[in-house]
Every structure is written in structure tokens, then in C-alpha cells.
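User: I would like to learn how to read side-chain features in a model. Can we start with charged residues and work inward?

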Amino acid sequence: MTDRELEQRLAQAVSRAAPDDLDAILSRCGEQNGSVMEMKQQNIVDLAAAGTPGKKKGRAWLAAACAALVLLGAGGAGGYYYQNCAVASVVSLDVNPSIELKASRGGRVISCTALNQDAAAVLFSMDGGADLKGAKLDVAVNAIVGALVKAGYMDSISSAILISVEDSDQARAARLQQELVASVDGVLQSQAPGTSVFSQVLACDAGAAAPEYAAFNSGISAGKAALVRRVMEMNGTISTNSTAAFDQLAALSVEELEDLLKTGETRIPIGKSAAAMAAEEYAGTLEISSVTADVDPELDENPPHYEVELKTAWGEFEYIVDAFGGGVLSGQQNLPALAPAGNGPGAEQPPQTSGAGTAEVPAATVPQPAVQPTPQPDAQDVGREAALRAALDHAGLSESQIASLKVERDWDDGRLEYDVEFWCGETEYDYTIDGYSCSVVKHEQEHHAAGHHSGASSSADIGGEAAKAAALAHAGVLESETAKMKVERDWDDGRLEYEVEFEAGRAEYKYTIDGATGAVLEYEQDWD
């Protein structure tokens, strides 16, 4: 190939590679201040003739031009890398397992990392997260959520997951947050409908831990670390520089941390593992490997406690453990002693005893220790009316004596139950009735100050219409755009509340409105 042919091909390549953007370039060039260097005619002649005296000089010029083409190509490769390989967003998922995903601007997973041992177990079937590399971010997140459900992390009635998004582009982070929450909620609606989804956007560059918790290393994501920090800042008795306090709180689940934020509690709870151990020690089953424990934190109830269900060869037993002291408030003590003489695990289920070996419970809350009944194959649903009668008989009341009755049908770990709530005078009653045997699984009885029961009139009551208006204003929708509107008046720990539920478009809204002030206390938005 001659030099001229090479020059022609090079010129054609440059014309194709370089964008025709002269007008835009000139528009960005203002008048320059400074000296003007005059370009002599000789300089132009020398440049034009540079390739003619000999092939050596011509080759050198061509080599330089080729290098320029290489740089142009590198620029294109750099753009590809920036779009598909550089980390633009970091998404973390926290239940108790903490998992971190790094994603490109194109929304593809660059890496998936387990931040603690629980997370490593969840990702084990995905080659530690390596199988998710290159997948779309929402697909990877849904796969992880499915694995969390399968591993039992969403079995609790009040289980929760935290989705955190880190991105220097806050608008993009907000969009990604909304998309992932809707996607995850769709998965949970079918697989674990009782799970709450919390989300947040962190105001820091992707992957760069915020300075306020960068010094701590507790095997959790930046998102959960930010949640822990919020608890510490709310709690005036905990130093925000205390590594020990940070580690204690970091060991709690997302649902426990959210309960602490909601209640403003200033103490640190013992945690689910300690509650399970306290129940097993009280039950005398620590040395029996076949016993399993399910723990549900109820830190927003009075008194704050953990509900521990022990599944044994003799049946299922429920224990109430104080959330801060660790004492067992209710439950059957020394289970092995209840088995017939000479029989160990696997013997016939022992009869239920009333109050034997049970710690005294504060008068405000009296949980009922009970062996959970196992329905027979031909067992029938007792129905709402029978469940109500069972609760009233236990309370020693008639239906004419009560107010604000609520009966709800529910399932708990495969067991049909009825939740029955009502008031009599200044006393609030909560019952859980077995849906097959009509037995009382659990009951609570709480006394309130005079004038605070649900049947009492109150000058501070805003009324159902005002509560509905407050919910609609918060949701940003008109009542004409809603369907299935439902407003219920209720009392919770002496506070008048309105429960407002409605649908708008493909979204379902649930609000708890303060009955005296109209403030939004809680809300959920689920996407269909």
C-alpha cells in the first residue's frame, strides 16, 4: 500500500470517527484575551511538504495520526466502561442478613457481596452472589428476596426488610428506590404478605461509607449502619461515639430497630437470640437438639417483649420474654418433667397446666400460656361468631356489655386464628382464638384512664371525615380517585386513632391517624 493510499484511508477513518459538531464547538468558544501569534506562510508550507522529501518523515506523520485514532477508539471503550462497568449505585438489603449489590449506570449488577455469615448462607446457592453478576438489578434483588423468604427470614408476623440506595445522583437514587420497593413488595405480596418494606436513600457517593459510621465495622451495610445511627441519635442515653452500643444495635434485626425508632425507647433490648435462649432455659430444653425456636419481637407493645414459640416433640409452647430484663413472663416451665415416666421426646403430648411454674405477669398485660393445638385432618373452621363467644365467655362478659368490637380471621404459621378485640368500660381486651378448637391461644387485658375508652366522647376527637382527609392529603390523591375506602375508630394505649384504608390506581394505602391532632402516625403503600 502506498503512502497516498494509506493517507486516504486514514482521512476517511477520521471523518467517520469524529462527530460533525463544529457549530456546537464554536458556540462554546468566546473571544479570547491575550497576545496573538502570527502564523507565517513558511510554517504552512513546511507542514504541507512534510511528507514529500522522504518516506521516513511521511511514515512518522502517519504513525502519529494512527495513535490519534487509537485514542479515539479508547474514548469509545471508556464510554462503554463508564456505562456498564463503573459503579454508579450501591443497593443494600437488610433483614438480619446484610447483602450489598453494586450496579452500573445501565442497571446491571457488577458485584454481590455477603456482609455477614447469615448473608453468606443465603447466597450460598448463588455461588456466593457471583451468579448474579451481569443480571438486571431488579431481577437480582427479587432473587435475593426469594432466597430470604425460603430461608425463613420473613416467617415472623412483623418481619421487615430495609432497602437502601447509595448514589451521588440523588434523582437517580430516588427513582431506583421507588422501582425496587415496588418490585420487592410485589414478590412479598405472594410469598410473605406480612413483611414490611422500609427504604431510604443515603446522601453519599456509591460505595463510600458516610463519615459518621465509617469508623465502625460490624458486618452490616451502610444502609443498616445509617439506621443504627438514627436510633443512637434519637436515644439520649447512648453515646453516638460508643462502638459497643453501635455493635449491640447492629446485631438487632431491622424490625427491632424500627420498633425502637417508633417508640422512642432509651434502652437496648436483649435481642432475638438471647430471648430464645431464655425461653429454652426456662423450659429446660437447652440440651435437646430437636427443639427449635421462632421469635417475634413485640417491642412496641406494653410491656415490650419477645414472643418465643418452642417446637418440641411434645407440642408447641409459647413464652413471653421481657425485652430488656430477659425474664420469662409467661410459659410452661421444665417441659421434660411433664412427659410420662420413662418417656423422653416423642412421648404423648403432656396435658396443659394452668399457671404451673409461670412467672408473675404485670397486671397491665396477662398473656395466656397455652399448648398450641394441632388441627385434625377433618377439622372445621369454627367461624367468627363462635370465636367471639369463646372470647366473651373467657372474659365473663356478654355482647351487650362491650363496645368497639373487632373480629379478624388470620393465619399464623399454618394455624387458623381469630383476633378478637373489644372494650368494656375502661378496659381493653385482646384475644387470639384457635380457629379449629375455639380455645384461647392468648389474651391481653389493659386498663385505661377514665374517659379514654373507645366508647367515651372526647372534645379532642377530630372525627372520621377529618382523619380520612388527612390520609388523602398525605397520599396526594382525591377521594373521587379512590376505591374500597374504609375508616375505623380505635384506641391504642390510651390514644384515640383512626385506621384509614383505601385503593387508588394500582396502589393500596393504609394509614393510622392520630384521633386528636390529625397527624399521620403510620402509613403503608403497597403496589399491586
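User: Is Arg409 buried, partly exposed or exposed?

Analyst: This is a predicted model. Arg409 has 48%, so Arg409 is partly exposed.

User: Which residue meets the side chain of Arg409 in a salt bridge?

Analyst: Side chains of opposite charge can pair when their charged atoms come close. Here Asp381 is the partner, at 2.9 Å, N to O. The two are 28 residues apart: Asp381 is in the loop between strand 10 and helix 12, Arg409 in strand 11. Asp381 is partly exposed too, at 33% relative accessibility.

User: How many salt bridges does a search of the whole structure find?

Analyst: The count is 17. Take Lys272 and Glu255, with closest N and O atoms 3.7 Å apart. This pair joins helix 11 to helix 10, across 17 residues. Lys272 is partly exposed at 27%, while Glu255 is buried at 7%.

User: Which residues are linked in a network of salt bridges?

Analyst: Asp259, Lys262, Asp300 and Glu522 are. Look at the bridge between Glu522 and Lys262, 3.6 Å between the closest N and O atoms. Glu522 is in strand 18 and Lys262 in helix 10, 260 residues apart. Glu522 has a relative accessible area of 39%, and Lys262 has 45%.

User: Where does the charged end of Arg267 sit?

Analyst: A charge can also be read against a ring. The charged end of Arg267 is over the ring of Phe324, 4.0 Å from its centre.

User: Why is the pair of Phe502 and Tyr511 called stacked?

Analyst: Check the angle between the planes. Under 30 degrees counts as stacked. For Phe502 and Tyr511 the planes are at 5 degrees, so the pair is stacked, with ring centres 6.2 Å apart. Phe502 is buried at 1%, and Tyr511 is buried at 3%. Tyr511 also stacks with Tyr523, at 5.6 Å and 15 degrees. That pair links strand 17 to strand 18. Tyr523 is partly exposed, at 47%. Ring pairs join Phe502, Tyr509, Tyr511 and Tyr523 into a cluster.

User: Which residues have the most contacts inside the largest nonpolar core?

Analyst: Leu249, Tyr306, Val308, Tyr319 and Val321 do, in a core of 36 residues. Several elements supply at least two residues each, including strand 4, helix 8 and strand 7. Helix 11 gives the most, with 6 residues. Apart from this core lies another of 33 residues, among them Ile99, Ala119, Val141 and Ile161.

Terms used:
Residues numbered from 1 in each chain as written. Predicted model: local features only at pLDDT ≥ 70, side-chain atom pairs only at ≥ 80, totals over all residues. Heavy atoms only, no water. Core = buried A, V, L, I, M, F, W, Y, C linked by side-chain atoms within 4.5 Å. Buried < 20%, exposed > 50% of the residue type's maximum accessible area, 1.4 Å probe, protein only. Helix = DSSP H or I, 4+ residues; strand = E, 2+ residues; numbered from the N terminus. Phe/Tyr/Trp six-rings, centres within 6.5 Å; stacked < 30°, edge-to-face > 60°. Lys NZ or Arg CZ within 6 Å of the ring centre and 35° of its normal. Salt bridge = Lys/Arg side-chain N within 4 Å of Asp/Glu carboxyl O.
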